[in-house]
Amino acid sequence: MSVSEENSQRLSRLEAKKERLDQLRPFPSAVVNNIRESLDIEWIHSSNSIEGNTLTLKETQMVIQDGITVSGKTLREHFEAVNHKDAIEYIEQLISPNYTLRERDVLNVHELIMDKIDKEFAGRLRNAGVRISGAQFLPPNARKVPDLLEELIDWVANSQDFHPIVQAAIFHHRFVYIHPFFDGNGRTVRLLFNLLLMKEGYPPGIILASDRKRYYKALKDADQGNLDKLLELTLQAVTRSTDIYLNNLEDIAGDFAPISDIVKEPAIPYGQEYVSLLARKGQIDAYKEGRVWFTSKDAITKYLKSKGKLKN
Ligand SMILES: Nc1ncnc2c1ncn2[C@@H]1O[C@H](COP(=O)(O)OP(=O)(O)O)[C@@H](O)[C@H]1O
Ligand SMILES: [Mg+2]
């Protein structure tokens with residue numbers, strides 16, 4: 001699997017950030033609990049929303065933190081929120097440096113996700129065909145699923161030479177390609193690929209609900225053998241969470257701002273469109289919140305220096 005030039009730049013920038021983050025360990029628990037709680041809510045909301053759950057971020061938070069029932073929303077949507085929280089807690093307690101993925105854990109995650117929703121197939125592989133809406137292929141025959149899943153799990157154990165982020169992206173696609181369950185495959189894999197990353201010390205990557213279209217397109221590309229877009233999404237997601245940790249722990253939250261604000265600084269020789277292009281291409285340190293790209297003056301200065309446009 002070859003990594004594009006743009007993705008390898010993203011990868012090395014993320015590595016530098018992870019090193020900074022690792023130097024801050026052990027983290028002060030009050031700060032970390034707070035970040036983790038808000039990332040968990042975002043993760044639950046985004047992953048469920050991609051799947052069709054209509055609870056908003058705020059409603060998801062109320063359901064999980066206060067046990068509130070939101071009127072007009074189905075019981076199932078409430079279960080999906082609470083179940084997802086349980087599944088995150090489950091994978092968190094699995095994390096240890098020597099952990100390798102086991103089939104039992106895949107089934108347990110699915111069982112937690114589908115608890116009280118699908119009494120028959122929670123934690124059970126499918127025994128008939130499925131379709132993925134929007135996809136142009138039919139997932140493998142149900143009879144082949146147990147072997148394919150086992151093969152994939154063996155592959156995870158024997159692909160340590162891949163960079164963890166690359167491994168996670170390949171795993172992500174192979175899992176949903178097999179589509180081992182009747183339903184819940186997406187939510188399950190978004191938990192499992194993060195389990196692989198978190199055990200390597202990365203914060204979880206959250207595929208944002210606002211990126212649903214991009215995500216589906218990336219999976220379609222991957223069906224055709226091109227993983228670039230899925231790797232890009234994964235890198236951006238993990239970078240975003242890493243930035244959130246760094247911003248809180250290093251107390252530099254003020255440094256990052258929307259590009260439209262950054263370009264107003266007299267020292268920045270570029271306009272909004274050009275800086276946005278650099279951000280999208282992964283040429284500068286930047287991340288996306290909803291539709292808005294954030295970067296810092298420092299990130300642009302670094303870029304200028306690398307291009308020899310600034311001395312010292
Ligand atoms: N073209 C595709 N190729 C492979 N997987 C896909 C494709 N399109 C969507 N998917 C995956 O299928 C998932 C939907 O499957 P589903 O079992 O309904 O999961 P969930 O109920 O958790 O959304 C998506 O979240 C995505 O991960
Ligand atoms: Mg579904």
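Predicted model: local features only at pLDDT ≥ 70, side-chain atom pairs only at ≥ 80, totals over all residues.
Residues are numbered from 1 along each chain as its sequence is written, chains are lettered from A and ligands numbered from 1 in the order in which they are written, and side-chain values use heavy atoms, with hydrogens and water left out.

**Stop 1: α6 and α7.** Select residues 145–157 for α6 and 164–178 for α7; their axes come within 10 Å and cross at roughly 175°. Axes here are lines fitted to C-alpha atoms, for helices over the stretch in contact, and angles run from 0 to 180 degrees between N-to-C directions. Helices (H or I, at least four residues) and strands (E, at least two) are DSSP runs, numbered from the N terminus. Next, display the side chains of V145, L148, L149, L152, W155 and V156 in α6, which meet Q167, I170, F171, R174, F175 and I178 in α7; contact means heavy atoms within 4.5 Å. The residues of this contact divide into 10 nonpolar, one polar and one charged. In this division, Ala, Val, Leu, Ile, Met, Phe, Trp, Tyr, Cys and Pro count as nonpolar, Asp, Glu, Lys and Arg as charged, and the others, Gly among them, as polar.

**Stop 2: the sheet.** Move on to the open sheet of three strands, whose order is β1-β3-β2 with antiparallel pairing. The edge strands are β1 and β2, each of which pairs on one side only. Neighbouring strands of this sheet are turned by 35° against each other on average, direction ignored. Helix α10 (residues 228–249) packs on the sheet and touches β1, β2 and β3, and its direction makes about 95° with that of β2.

Within the sheet, β1 (residues 256–258) is joined to β3 by three bridges, and two strands pair if DSSP finds at least two bridges between them. Select F256 to find S296 of β3 opposite. On β2, A286 has T295 in β3 as its bridge partner, and the two strands pair over four bridges. Their hairpin has two residues between the strands, and G290 there takes a positive phi near 60°. Four of the five residues of β3 are buried (under 20% relative accessible area, with exposed over 50% and partly exposed in between; 1.4 Å probe, protein chains only), so β3 is largely enclosed by the rest of the structure.

**Stop 3: α12.** Select residues 272–280, where V275, S276, L278 and A279 are buried. These residues cover an arc of only 160° around the axis, taken from the directions from the helix axis to the C-beta atoms, which puts them on the same side of α12. They pack against α11 (259–262), β2 (286–289), β3 (292–296) and α13 (297–306). Just after α12, G282 takes a positive phi of about 75°.

Stop 4: Between α1 (5–23) and α2 (29–50), select P26, which a cis peptide bond joins to R25, with omega about -10°. K116, in the loop between α5 (103–114) and α6, has a positive phi of about 65° although it is not a glycine. K116 counts as partly exposed at 45% relative accessibility. Finish at H179, in the loop between α7 and α8 (185–198). Phi of H179 is positive, near 50°, and at 12% relative accessibility H179 counts as buried.
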